[in-house]
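Subject: Structure handover and notes

Hello,

Here is the structure I promised to pass on. My notes follow below, so please have the viewer open while you read.

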Amino acid sequence: MRKIEPILAILVAAAMIVAAIAAPWLRFVLTIALAKGIAVMGILLLLRAGQVSFGHALYIAFGAYTVAFLAPRFGDAMILLPLAALGAGVLGLLIGLFVTRYRQIFFGMLNLAMAMVFYSLLEKLYAITKGSDGIRVEIMPIAGQALERVTYEWTIFGIALGLAFVLGFLLRLYLASPMGEALAGIKTRETRLEFMGVPARGVLLSAYVMSAVLGGIGGALIAMTSRHVTPLLSYWTSSGELVFIAILGGAGGVLGPFLGAAAYELVRVYAAASFADAWQMILGSVLLLVILFAPGGLWGMAARAIGGRGR
Amino acid sequence: MSEVLLQASGLRLAFGGVKAADGIDLGVMKGEFLAIIGPNGAGKTTFINMTTGYLRPNAGEISYEGQRITGMSPRAIVKRGIARSFQLPQLFLEHTVEQNVALAVASRDGIWSPLTPLLRPGYRDEARDLLERFGLTGIADTRADALNEGARKLADIAMAVALKPRLLLMDEPTSGVAASEKMDVVETLARVLREAKVTAVFVEHDMDVVERFADRVAVWSQGRIAALGPPGEVLSDPAVQREVIGIERHA
Ligand SMILES: Nc1ncnc2c1ncn2[C@@H]1O[C@H](COP(=O)(O)OP(=O)(O)OP(=O)(O)O)[C@@H](O)[C@H]1O
Ligand SMILES: [Mg+2]
């Protein structure tokens with residue numbers, strides 16, 4: 001199965017590129033899906049340790065606002081992306097030092113609390129953040145090149161796709177490494193790790209920082225694509241959305257978050273267009289069906305269809 | 001043989017009114033196999049828990065290789081060369097047996113390499129070698145949550161051995177292992193430990209195993225050591241036979 005994953009990833013990427021060429025609005029939707037997929041890889045990382053964060057939209061919002069704040073000063077995507085990743089990583093380290101003391105529901109809720117604090121700050125500090133109006137992000141140069149709109153959008157799409165590949169590849173290596181397997185050990189026998197001389201909390205903290213970095217990168221890409229950031233990015237429903245996508249896509253492989261994100265964004269756009277106010281109901285039903293009949297998510301279904309195991 | 005590796009002095013630990021350790025003094029000699037026997041609730045596991053840093057004694061001291069380890073974390077104690085196996089096996093249930101043991105092997109180096117696979121040749125070969133010695137090769141790819149009790153127990157011990165300790169504490173290594181395989185298993189285990197020059201302390205309920213493999217026996221009773229000496233002497237003591245009633249003895 002692990003051998004099929006890269007091939008499948010290339011097929012999915014090819015399908016995305018074809019779709020983006022076929023319809024410009026799909027290019028926008030798929031760029032957002034790729035950005036969210038990158039952030040959801042962070043959720044997947046924590047799920048490996050049996051932990052669910054209900055507050056990871058915090059890092060998306062942080063990455064997005066980093067771009068919005070700094071774009072006027074360092075207006076280049078190639079500078080802003082690493083800055084957003086770094087900033088989210090530092091924030092993840094600070095918050096992680098605290099939340100990785102906790103497990104399960106406490107871990108989930110503390111993350112939620114952090115995200116809601118950030119949401120309130122974005123709302124209340126109007127002078128800096130423009131409150132719920134949010135901040136517009138202008139089209140910015142990329143690697144020193146000033147681009148016109150269509151080229152800019154294509155380039156961001158390409159960067160998102162490239163990052164999805166590189167980060168997905170690295171994550172895949174990590175999950176099979178001693179560090180990644182120890183992370184999975186936290187889920188079933190955390191104390192044994194300590195009796196092997198492994199600091200379980202350190203393992204979880206490093207994964208948490210990585211998940212924050214992934215969130216920051218996802219958020220930066222979202223800001224560059226939607227070109228408008230609002231406090232809603234940090235609202236608890238946005239965090240729930242990430243968990244939703246993780247379960248929809250399946251936690252068995254790094255392709256899951258991207259399958260999940262693409263499906264989520266497409267269903268959302270189609271359902272919103274066709275059924276106006278009923279799209280949440282449709283998404284809810286889809287999630288219910290996945291949990292009941294395909295606990296391995298879309299990735300699990302794809303894996304089974306090809307004839308391997310989803311995990 | 002006469003060098004003391006581990007020394008416990010005046011260990012006390014009470015849980016509410018229960019004195020799980022009520023003044024334990026015990027020196028473990030380098031290279032010996034020391035058996036701990038005694039009825040349920042005597043405090044045998046508590047002694048292992050205190051020695052490995054899982055529980056902190058209310059009073060008393062434990063020193064290892066001449067240095068005080070009382071109150072240290074399990075992690076710090078493992079790093080000094082003391083490993084343990086568990087009365088209830090503590091495996092990573094969603095990992096295969098091979099991954100479980102490989103993770104223990106890898107943990108000697110720290111597990112901080114994020115980009116090379118756990119099952120790289122170095123770690124995998126060592127894990128497979130251990131599994132072969134424990135007769136677990138056939139279930140190397142089985143997930144730990146699908147194992148029977150005996151196999152879990154052995155995998156649990158293999159993980160502790162993989163840490164290459166100088167002192168190994170085993171809590172009822174043969175419980176759950178089928179009676180017909182017990183002696184073979186212990187024989188193998190003893191060979192592995194002797195080869196690696198590991199000092200071993202093991203809690204055991206089977207007196208045949210104790211008689212055959214222990215250099216000395218310590219009899220635990222209500223948080224105290226009631227008797228200590230070579231198995232021949234200790235096990236034939238009528239007081240011990242009375243104290244340790246309920247222990248099984250094969251015909
Ligand atoms: N963490 C704990 N909290 C409360 N009581 C405990 C704890 N650990 C042990 N005890 C109590 O201390 C006493 C000694 O327990 P221990 O597990 O050391 O006995 P044991 O000799 O290993 O018994 P067994 O043969 O059943 O394994 C028991 O009465 C037990 O209930
Ligand atoms: Mg016990």
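A salt bridge here is a side-chain nitrogen of Lys or Arg within 4 Å of a carboxyl oxygen of Asp or Glu. By that rule, three salt bridges cross the interface of chain B and chain A. One of them joins D156(B) to R192(A), with 2.3 Å between the closest N and O atoms.

Some housekeeping before the rest. This is a predicted model, in which local features need pLDDT of at least 70 and side-chain atom pairs count only at pLDDT 80 or more, while totals for chains, interfaces and linings use all residues. Residues are numbered from 1 along each chain as its sequence is written, chains are lettered from A and ligands numbered from 1 in the order in which they are written, and side-chain values use heavy atoms, with hydrogens and water left out.

**The interface**

Contact (heavy atoms within 4.5 Å) between the two chains takes in 34 residues of chain B and 27 residues of chain A. Together the chains bury about 2,700 Å², 67% of it on carbon and sulfur atoms; buried area is the accessible area, taken with a 1.4 Å probe, that two parts lose on being put together, summed over both. On the chain B side, R75(B), F92(B) and W112(B) lose the most area to chain A, together 22% of what that side buries.

The interface also has 14 residue pairs in polar contact, both residues at pLDDT 80 or more. A polar contact is a pair of N or O atoms within 3.5 Å; within protein, one must be able to donate a hydrogen and the other to accept it, and residues adjacent in sequence count only if both atoms are side-chain atoms. Which elements of chain B give two or more residues to the side that touches chain A? They are α2 (74-79), α3 and α5 (149-162), and α3(B) gives the most, with five residues. Helices (H or I, at least four residues) and strands (E, at least two) are DSSP runs, numbered from the N terminus. By class, this side of chain B has 21 nonpolar, seven polar and six charged residues. Ala, Val, Leu, Ile, Met, Phe, Trp, Tyr, Cys and Pro count as nonpolar, Asp, Glu, Lys and Arg as charged, and the others, Gly among them, as polar.

Is α3(B) buried or exposed? Eleven of its eleven residues are buried, so α3(B) is largely enclosed by the rest of the structure. Buried means under 20% relative accessible area, exposed over 50%, and partly exposed in between (1.4 Å probe, protein chains only). The buried residues of α3(B) pack against α8 (178-195) of chain A, and also against α4 (121-133) and α5 of chain B.

Q90(B) sits in the loop between β6 and α3 of chain B and is buried, at 17% relative accessibility. Leaving aside neighbours within four places in sequence, Q90(B) is in contact with R189(A), T191(A), R192(A) and D156(B). The side chain of Q90(B) also reaches the backbone oxygen of L88(B) at 3.1 Å.

**The magnesium ion**

Which protein atoms are donors to the magnesium ion (ligand 2)? They are OG1 of T45(B) and OE1 of Q87(B), 1.9 to 2.1 Å from the ion. T45(B) lies in helix α1 (residues 44-51) and Q87(B) in the loop between β6 (82-84) and α3 (97-107) of chain B, so the pair ties together parts that are 42 residues apart in sequence. Donors are N, O and S atoms within 2.8 Å of the metal (3.2 Å for Na, K and Ca); water is not among the atoms, so sites may look incomplete.

A polar atom of the T51(B) side chain lies 2.8 Å from the backbone oxygen of F47(B).

**Two backbone angles**

E172(B), not a glycine, has a positive phi near 55 degrees; E172(B) is in the loop between β7 (167-171) and α6 (179-195) of chain B and is buried at 10% relative accessibility. Q222(B) is not a glycine either, and has a positive phi of about 45 degrees. Q222(B) is exposed, at 63% relative accessibility.

Best wishes
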